[in-house]
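Me: Hi! Could you walk me through this one? I'd like the overall picture and then some detail.
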Amino acid sequence: MSAFGSFALLFALALSLYNLGAGAIALRQLATGTQGSISPERLAETARRAGIGGFIAVSAAAFALVWAAFTNDFSVSYILHHSNRALPGPYKFAALWSGQEGSLLLWAWLLAVYGFVLRVRHKVDVQLTAYASTILSGIQFFFLLLLNFAAPPFSLVAGEVPQDGFGLNPLLQYPEMVIHPPMLYLGYVGFSVPFAFALGALMMRYPGDKWIHITRRWTMVTWLFLTCGIFLGAHWAYAVLGWGGYWGWDPVENASLMPWLTGTAFLHSVMMQEKRGMMKTWNVWLIFSTFMLTILGTLLTRSGIVSSVHAFAQSAIGTWFWIFLVIVLAVCLFTFILQRDHLKTEHRLESLISRESSFLFNNLVLLTACFTVLWGTLFPVLSEYVQGEKVTVSAPFYNRVAVPIGLFLLFLTSIGPLLAWRSSSFKSIRKNFVLPAAAACITALVLIACGVHPWENQGSFYSFVAWSLAALVITAVGSEFLRGAGVIHRHTGQNLVASMVQLTRRNTRRYGGYIVHFGVVVIFIGLAGSAFNQSKEQELNFRQSMTLGPYRLQCLSYTQESNLNYDSEYALLDVYRDGRKITQLAPEKRFYIASQQTSTIVANHSTLAWDLYVVYAGKDPDSGHPIIKVFLNPLVAWIWIGVGIIVFGTGVALTPNLKAAFVANRVRMPIASPEVPANVALSGGGD
Amino acid sequence: MRLLRLSQLGFVALLVLFSTGAEDATMRYNALGHKMMCVCGCSQILIECNHVGCQDSRQMLTELWTDVSRGDSDTTILKAFQANYGAIALAAPMFTRFNQAAWLAPPLVLLLGMGLIVALVRKWRLRTVDMPAVSETAGFLQIRDQIRKETEL
């Protein structure tokens with residue numbers, strides 16, 4: 001199977017090279033009006049088909065690696081190092097992305113999937129898709145070069161093949177790890193598509209902003225995948241690493257956050273181009289930067305430039321990424337310089353108090369946040385270079401610098417919807433802002449009355465501001481919904497809820513966006529709870545108990561168990577609140593036999609108010625009694641609820657408007673007239 | 001009776017003094033523990049290092065508790081740890097020499113960006129004044145038409 005996989009990868013490399021070469025020649029001929037022995041249209045079509053063939057070849061390679069994992073083919077070095085016989089099936093599948101070579105193969109495969117969808121749907125715009133397809137094949141060629149020469153996943157073990165593998169890293173043996181990396185990679189890789197469309201549109205001097213309409217759904221879906229990937233990672237860290245937190249500002253985490261921030265900025269600023277023909281240069285560079293940040297993040301964590309707890313083993317692969325990044329930057333710069341006159345803005349900002357400038361400020365804040373994260377990630381390297389001493393830049397830095405930026409962004413989220421395009425008057429702002437401002441003030445007073453004292457420490461201050469601003473945004477967004485629904489209610493007599501649904505379906509993009517904002521606010525509410533985390537560590541013998549907050553934990557027993565994959569130690573704890581038993585928790589520590597590594601299995605009792613998070617920290621070497629560490633983390637559940645709301649809101653924003661869908665159905669009905677493009681009515685809506 | 005009451009008050013005052021001091025020390029220990037890193041290579045905040053039997057964090061935390069109990073100032077303690085374990089023992093760089101750049105660059109970028117936006121809008125507004133009124137009206141009508149379509153009821 002390894003020979004089959006290697007051949008599939010080599011074949012895919014050849015196909016991507018053909019796709020790139022033939023596609024580039026065909027597009028050049030079309031642009032200059034020249035013609036060779038084959039017509040450029042036919043050449044472009046062969047390139048497209050080579051791209052589809054590449055998808056099949058990369059899929060075959062990925063299948064070969066998964067097959068090798070499931071059949072315990074330890075002659076393949078990658079499988080030997082990332083799997084073992086006792087590993088449960090889903091984790092054998094997850095072995096595909098558990099190491100460097102496998103994760104690069106996953107990257108190449110997802111790129112092939114995106115490319116496949118794009119090439120199959122090429123009739124949306126044949127020429128623009130041909131440009132995008134050729135650019136995608138260039139990216140694919142790079143990853144296939146890596147897979148064939150720098151990090152081949154099908155390398156064979158030298159000498160005698162061991163009977164069993166070394167096993168999968170215990171930290172990865174958790175259900176979420178089966179979906180978190182693919183989700184994150186779908187986000188990372190997905191940004192290649194809008195990047196390819198933007199670069200292609202610039203290269204061919206594409207008239208108008210249709211490329212924005214075409215890529216809008218791609219960008220939103222990609223953004224959604226990245227959002228889910230990031231939060232699944234946070235949840236995994238919370239559930240597995242056992243330190244009581246979900247975000248540690250590690251370089252790998254930062255690497256995923258940076259393209260998310262610029263991608264979010266792009267999603268907002270692109271509306272200015274659609275509505276007013278503004279910010280064309282800005283938008284093009286935003287999507288270029290987003291794509292380059294996905295590559296930079298990968299470079300940082302795989303080259304060993306910055307150290308990370310979950311970076312891959314340092315290797316020479318970083319040099320390849322450096323070269324690729326420089327090539328991408330050079331191509332983007334060259335194309336921009338050549339075609340910059342094509343990006344002239346059609347309108348200009350007329351007022352600081354307008355929807356446009358709120359988007360501009362929103363972009364500024366998001367980019368400053370991105371810069372802060374990049375700056376913090378790279379500062380240790382810079383410090384070592386300048387002052388010969390490596391420093392650490394961790395949570396205290398980001399809490400002090402990035403959190404105020406985040407709060408400012410939250411504030412802007414409340415103002416944006418209240419402003420009109422072009423210009424707003426102070427009078428209308430005052431009118432619309434009175435209710436949200438009053439809600440924020442009341443919330444602040446209630447918080448102080450409830451014992452949240454912002455003057456006590458930095459954490460309390462940030463939480464106080466975050467909750468007050470959350471009230472501001474929720475009221476602002478809620479009043480937007482109510483105002484619109486009220487009009488429908490008056491005209492149709494429907495009740496308010498039905499009117500709200502109707503309103504949302506009439507402009508899914510705007511109101512879906514508001515739902516996403518609401519989700520973000522809910523996440524902020526959850527994050528702000530971290531300032532009030534409590535923890536306690538205690539050794540517990542039979543029947544002994546410990547108390548934290550309103551909970552009392554009593555040790556029922558502690559014992560050991562074994563299976564083929566791991567040995568485990570755990571304690572059984574009864575949890576009481578107000579003298580009443582509410583649940584039983586079993587925090588555990590596992591020792592994985594194949595990899596000879598330990599892992600924590602956290603026991604968590606989650607409610608809307610707080611999480612009772614219990615860790616089995618080990619046994620006291622003298623007494624032999626278990627040491628239990630308990631965290632009481634307020635409002636954590638709201639973070640995951642907020643993510644759910646974001647997913648729902650993005651889903652709403654992705655669906656066509658009620659009216660547009662109706663038109664689309666009417667257009668599609670007469671099948672006999674195929675000249676009417678099916679997507680004609682799909683670009684409706686707007687903010 | 002008076003003596004008894006005085007002694008009771010004195011005892012309570014002492015108790016309050018000691019308990020306040022203890023709480024203060026614990027809070028400082030906790031806060032400082034969050035400002036340092038464990039040097040075992042786990043890349044975790046010192047007080048959050050959850051490695052069973054980690055000798056480095058145990059030693060550092062003991063040292064920290066001793067320093068805090070002795071009444072050393074936060075800066076003295078942080079400097080001592082930096083001297084003993086290197087700058088990587090601090091979770092964020094101190095506000096000294098080149099490290100100031102780490103703290104100042106992000107707010108400077110934000111302020112610079114805001115200044116640029118304000119300057120840009122002012123410049124553009126000055127230009128818009130000269131624009132012919134007809135195109136303004138046409139644009140306005142177009143927007144109004146678009147708004148009407150979007151909020152069509």
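Reply: Happy to; we can go from the overall fold to a helix pair and then to the chain contact. Keep in mind that this is a predicted model.

Me: Thanks! How many helices and strands are there in chain A?
Reply: Chain A has 20 helices and 10 strands. Its C-alpha trace spans about 85 × 80 × 60 Å along the principal axes.

Me: And what is the radius of gyration of chain A?
Reply: It is 27 Å, which agrees with a compact globule, because 687 residues packed that way would give a value near 26 Å. Buried residues make up 51% of chain A.

Me: Switching topic: at what angle do helix 2 and helix 5 of chain A pack?
Reply: Helix 2 (residues 40-70) and helix 5 (residues 100-120) of chain A pack at about 145°, and their axes are 9 Å apart. The crossing of these two helices is left-handed.

Me: Which residues of the two helices meet?
Reply: From helix 2 of chain A they include Gly51(A), Phe55(A) and Leu65(A), and from helix 5 of chain A they include Ala108(A), Trp109(A) and Phe116(A). By class, the residues of this contact are 12 nonpolar, five polar and two charged.

Me: Now the other chain. How many residues does each chain give to the contact?
Reply: Chain A gives 43 residues and chain B gives 38.

Me: Which element has the largest share on the side of chain A?
Reply: That is helix 13 of chain A, with 12 residues. The side of chain A that touches chain B has 23 nonpolar, 14 polar and six charged residues.

Terms used
Residues numbered from 1 in each chain as written. Chains lettered and ligands numbered in written order. Predicted model: local features only at pLDDT ≥ 70, side-chain atom pairs only at ≥ 80, totals over all residues. Helix = DSSP H or I, 4+ residues; strand = E, 2+ residues; numbered from the N terminus. Rg over C-alpha atoms; globule rule 2.2 N^0.38 Å. Buried ≥ 20, exposed ≤ 12 C-beta atoms within 10 Å, placed from the backbone. Axes fitted to C-alpha atoms, helices over the stretch in contact; angles between N-to-C directions. Left-handed = near helix turned anticlockwise from the far one by under 90°. Contact = placed C-beta atoms within 7 Å. Nonpolar A, V, L, I, M, F, W, Y, C, P; charged D, E, K, R; others polar.
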